[in-house]
Every structure is written in structure tokens, then in C-alpha cells.
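Please consider the structure shown below.

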Amino acid sequence: MHSLLLVGLLRALTLPDSTPSRCDGKTVSTVVIRRSARTMMDKARAPAWSRAILQPLLLGTPTRESAIRPFLQLKDGGPCTEQRRAESERLLRLQPYLADATVQVVDEADGRVRVEIETIDDLRPILGLGLKGARPTIAEFGNNNVDGSGQLVSARWRDGRAFRDGFGVRYTDYHLFNRPNIASVVLDRLPLGSFIAASLARPFYTDLQNGAGFMGYLRDDGYVGFVRPSGDPLSLEIVRERADLGIAFHLHTKGSAQLLLGALASFDKRTTAAKPVIITDSGFVQTPDKSLVDRYTTTEATRVGLVTGVRYLRFAKAVGFDALEGVQDIGRGVQLATVFGQTLGGSFKGPFITTDLYVGVGGTESFLGLRSQVEARKGTTGWTGIVGSGRLAWYSKPSKRQTRLWSLEYVGASKADAPFQLTVDDPQTGIRGYVGSRLAGSQRLILRAERRWVMPGISTYFGWGVAGFADAAQMFKGDAPFGANGTRGTVGVSLLAAVPRESRSLARLDFGLPFIPDKSAKDFAIRFTYSIIGRSFWREPADITRARLGAASSDIFSWP
């Protein structure tokens with residue numbers, strides 16, 4: 001009942017689609033794919049001084065048809081509808097190796113239509129380098145679109161210092177068996193421990209498909225760190241093994257709302273060391289601190305659940321929301337996925353529930369979005385293992401070259417079964433400007449405000465901009481080890497860059513100045529990040545994902 005009311009409300013608030021149909025009732029004669037030419041440097045248009053920098057980043061074989069056709073909803077001899085045209089375009093833009101795609105319909109003399117597809121390739125090199133002083137500590141090299149095949153391959157090295165050096169490889173095929181199936185393998189020998197993950201997924205991309213599924217295996221053998229108010233961080237060795245299998249079927253309906261029904265089974269085992277250690281550049285150091293001794297026990301659980309989904313989404317193509325000048329498809333409407341299940345065996349038995357909700361309202365000039373992920377299990381003492389995260393964000397475009405963004409992000413856990421601690425200075429998702437802060441807890445709330453200006457770039461090859469930002473964070477002690485309540489705040493400026501200009505990959509250099517004192521943090525901080533953005537409204541931080549049950553439905557569904 002609540003889902004239907006929400007769908008009705010959003011139907012009233014969401015802007016209707018106004019794109020006229022040009023092909024309804026007609027037959028597709030042929031599908032023509034024009035491969036991108038944007039991966040090659042045009043010496044006549046790019047300044048000489050920029051070619052040495054841009055050419056290695058942009059050269060490469062244009063994306064092949066084999067990496068494009070699996071996502072098309074229009075086929076030779078098949079029906080042509082505006083929905084199929086728009087969904088083909090959107091699914092191509094979802095792929096990380098494409099920056100943009102257009103699908104056009106051209107009338108032919110015999111009453112049929114010709115479909116013409118043009119794509120723009122995104123930045124493909126994967127390059128990473130970490131330094132400590134002048135000494136390299138991390139190096140990564142790979143390609144996000146090897147030989148235009150739509151496959152990712154990368155390798156990483158990590159300096160082990162007192163321990164062994166780390167080596168890892170990563171491979172992803174986004175269209176296995178010439179279908180929209182994602183196959184992924186990660187093999188990583190860490191300086192301490194190892195990480196192995198393999199998965200095969202058919203996400204629920206579009207209302208036009210009949211079902212979706214996911215199967216995966218993960219083994220994570222490593223250490224979880226805990227920041228203390230004073231002294232070096234403590235670390236606990238933890239070995240986690242997890243396996244998941246889920247499937248959902250699309251129950252076709254006459255209305256706009258789509259219903260899905262399926263099942264999910266998972267196995268999860270965590271083994272945690274009884275005593276912590278201190279990890280230094282010279283090796284392990286024993287600690288007299290007893291705070292974490294025997295705090296966590298080995299847990300094992302087998303779970304089965306009923307997967308349900310409600311989806312009422314329409315999409316609009318926005319420019320410069322999360323990316324600098326790149327496009328992204330914003331979902332307007334609602335999507336709700338839930339798992340109601342039972343723990344059959346292991347360390348604890350009882351029911352569990354997970355929910356994943358997305359809501360989007362507005363258009364390409366002003367847009368408000370929300371995504372929230374919550375889970376919990378019921379034990380003999382009530383609800384425990386409560387883990388949640390979410391983001392509420394408002395985007396607005398005062399002009400073509402300006403973007404304003406307000407966002408509120410929450411992550412937290414209560415009575416978690418796994419070793420867990422949130423920090424305020426997380427390098428990816430924490431507050432900027434507080435490198436070295438010792439403030440930690442079990443729940444974190446961050447308010448971000450940013451205004452970006454896009455500057456004139458270099459032809460189609462290089463885009464850049466500047467931004468002013470302010471961050472405010474509230475940490476809540478909760479039941480995490482060494483937790484404390486505290487508030488932190490930062491103001492700063494950023495330099496932004498994208499190659500090519502249409503890319504949804506964004507490099508940014510943030511200069512943050514804290515305005516709330518923290519004796520453990522530096523007075524001024526510089527942070528460089530490079531990320532693929534604009535494909536997902538909210539990506540949950542890794543430190544909160546580790547505390548989850550491992551029975552989520554998010555791997556089955558595709559999320560805006």
C-alpha cells in the first residue's frame with residue numbers, strides 16, 4: 001500500500017516525458033553503428049603544447065560493435081518504439097567505457113525506419129600512483145576498454161615495506177556472451193592477507209527485460225583498523241567468506257509501475273582474531289590495550305529471502321550534474337527493492353529485512369534525489385545488526401556553465417556483528433581538510449555544498465573548471481570502538497579536469513581549510529581524487545558495506 005501511494009505521489013510530481021515518437025508502429029529495416037572517432041587526436045584542433053599530454057589518453061581503437069549491440073533494444077526487422085529507442089540510448093550511456101550515445105531514427109521510402117547509433121568513447125587508461133615522500137607505494141596500470149572491446153583489465157602493485165609486496169589483477173566483461181551480462185574477477189595478494197572476488201550478474205536495467213539475477217563469491221582475508229584517541233591504530237585480522245545467489249522475474253503490468261518478484265540465498269562467515277595488533281612499517285607490534293580483546297566472535301549464517309521490487313522510473317538526460325560537462329541519465333520516479341527472509345542456520349537464527357529505496361523528482365535544471373539502504377535482523381534481544389546509509393541531494397543549474405549542489409550523506413550502524421568503525425577523514429567519502437583526524441564513531445552525517453564553474457576547454461579534448469565548497473560533518477559515538485561525538489567543518493576551493501570534455505570521469509584537486517580545530521589534523525589539506533561519476537546517484541562507502549549481512553538485493557537491480 002505504501003509503495004502504491006508513493007508511486008502515485010511521484011507520478012504527480014515528476015515531469016512528464018515530452019519527446020514525440022517518430023517510429024511507433026514501424027519496423028526497423030537496419031541498425032547502423034557509427035564508431036566513435038573521438039579517441040583520435042585531431043592535430044589541427046588541439047594546441048601543440050597539449051598533444052603530448054592528451055594523445056596517450058585519447059588514442060585507442062574505437063569501441064567495437066560487439067560492445068554496443070548487446071545493449072540495443074532495437075533489432076533488425078523488429079518493432080520500433082520510442083521507449084525502445086530511448087532505453088537503447090540510456091543503456092549505452094550506462095557503460096563505463098562510453099561517455100555518451102545517441103540513437104536516431106530515420107524514415108525510409110518503404111515506410112520502415114533506419115536506426116543510426118553514434119557513440120563517444122570515454123577515457124580508457126587506468127593509471128594510479130601513490131607516493132610517500134619520493135618513494136612509490138602504489139602503482140596501477142590498465143585499460144577500461146581494451147582494444148575497443150568493452151572489457152576492463154588492470155594490474156596493481158603495492159609496496160609491502162616490512163611485509164611482502166602486494167600484486168593484484170582485475171578483469172570485467174560488461175557484455176558476456178554478447179548479452180548485457182557483467183562478469184567480474186578480482187585477485188589480489190595483499191601485503192597482509194588476500195582478496196578474491198568473482199561474480200556474474202544480469203542487472204535489471206530496463207522495464208523491457210523479463211528478469212535479472214546475480215551470483216557471486218568473495219573471500220576477504222585482511223585487517224580492519226581502529227583509530228584511537230591517542231597512540232597508533234589497532235588492527236584486527238578478519239577472514240570473511242561470502243556467497244550469494246539471487247534471481248527476480250518481471251511481472252508485466254498494464255500500468256506504468258513495474259513489479260518484480262524473486263528469491264535470494266546467501267552464506268556468510270566471518271572469523272575475527274581474538275587480539276589486536278599494531279601494524280607498523282617495520283612489522284607487527286603487540287599492544288597492551290585490551291579494548292578489542294575477544295570483542296568479536298566468529299559468525300556464520302545461511303539466509304534465504306523473498307525479493308520484491310516496485311519500479312516507476314522515467315529518465316532525463318542532464319548535463320554537468322556530477323561530471324564536469326558529461327551527461328548522465330537522472331531517474332525521475334521511484335524504485336523500491338526489499339528482501340524479507342529468514343536465517344536458517346549458523347550463529348544466530350531469526351528473520352531479517354533489507355530495503356533499498358530511490359526517489360527522484362524534477363528535471364535537468366533542478367533535481368532532487370534520495371537513496372536509502374537499510375537492513376536489520378531480529379534476534380532474541382530484539383533488532384540488531386542495523387546498518388544504514390543514504391544520500392539526499394539537490395542539483396540546480398543557474399546557467400549552462402554553473403552547477404550548484406547541496407547534499408546530505410548518512411552512514412551508520414548499531415549493534416553490528418562485524419568489526420566496524422567510521423572515521424571523519426576517510427580519503428574517499430569523509431570530510432575534506434582533516435587528514436590525520438582521530439575522530440571516529442558508529443554514525444556519520446556530512447552536509448556538503450558546492451558551486452562549480454566550467455571554464456573554456458581545449459576543443460573536445462580537455463575540459464576544466466573551478467569550484468568552491470563547504471563541508472560539515474557530525475560524528476556520533478554509538479557503540480563503535482573508540483567512538484566519540486564531534487563536529488568538524490571545512491571550506492575550500494577545487495580544480496576540476498576531464499579528458500575528453502564529455503567524460504564522466506572527473507579528476508579534482510581539493511584545497512581544504514578546517515574552521516573547527518582538531519589537534520590531530522593538519523591545518524591545511526590537499527586531496528587529489530579521480531573517479532568515474534555520473535552513473536550512480538549514491539555509492540555506499542566500503543567501510544559501511546563491510547558491516548552488512550551480505551543478503552542485499554542491490555546486486556540484482558540497476559540503480560540510477
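Four strands form an open sheet with mixed pairing, in the order β2-β1-β4-β3. Strands here are DSSP runs of E with at least two residues, helices are runs of H or I with at least four residues, and both are numbered from the N terminus; two strands pair if DSSP finds at least two bridges between them. The edge strands, β2 (79–80) and β3 (98–107), each pair on one side only. The model is predicted, and local features need pLDDT of at least 70, side-chain atom pairs count only at pLDDT 80 or more, and totals for chains, interfaces and linings use all residues. Residues are numbered from 1 along each chain as its sequence is written, and side-chain values use heavy atoms, with hydrogens and water left out.

Nine bridges join β3 to β4 (residues 113–121) in the antiparallel sense. Within β4, E118 is the residue that stands opposite T102. Across β2, β3 and β4 lies helix α3 (residues 82–94), which runs at about 160° to β3. Such angles run from 0 to 180 degrees between N-to-C directions, the axes being lines fitted to C-alpha atoms, for helices over the stretch in contact.

How many aromatic pairs does the structure hold? There are seven, a pair being two rings of Phe, Tyr or Trp (its six-membered ring) with centres within 6.5 Å; planes under 30 degrees apart count as stacked, over 60 as edge-to-face and the rest as tilted. The pair of F511 and F524 is stacked, because the ring centres are 6.4 Å apart and the planes stand at 25°. This pair ties together parts that are 13 residues apart in sequence, since F511 lies in strand β27 (residues 505–514) and F524 in the loop between β27 and β28 (525–532). F511 is partly exposed at a relative accessible area of 23%, and F524 is partly exposed at 42%; buried means under 20%, exposed over 50% and partly exposed in between, with a 1.4 Å probe and protein chains only. One aromatic cluster is formed by F163, Y223 and F284.

Charges also sit over rings, that is, NZ of Lys or CZ of Arg is within 6 Å of the ring centre and within 35 degrees of the ring normal. The charged end of R90 is 3.9 Å from the centre of the F315 ring. R432 lies over the face of F469, 3.9 Å from the ring centre.

Leaving aside residues up to four places away in sequence, S407 touches R391, L392, A393, I446, L447 and R448, where contact means heavy atoms within 4.5 Å.
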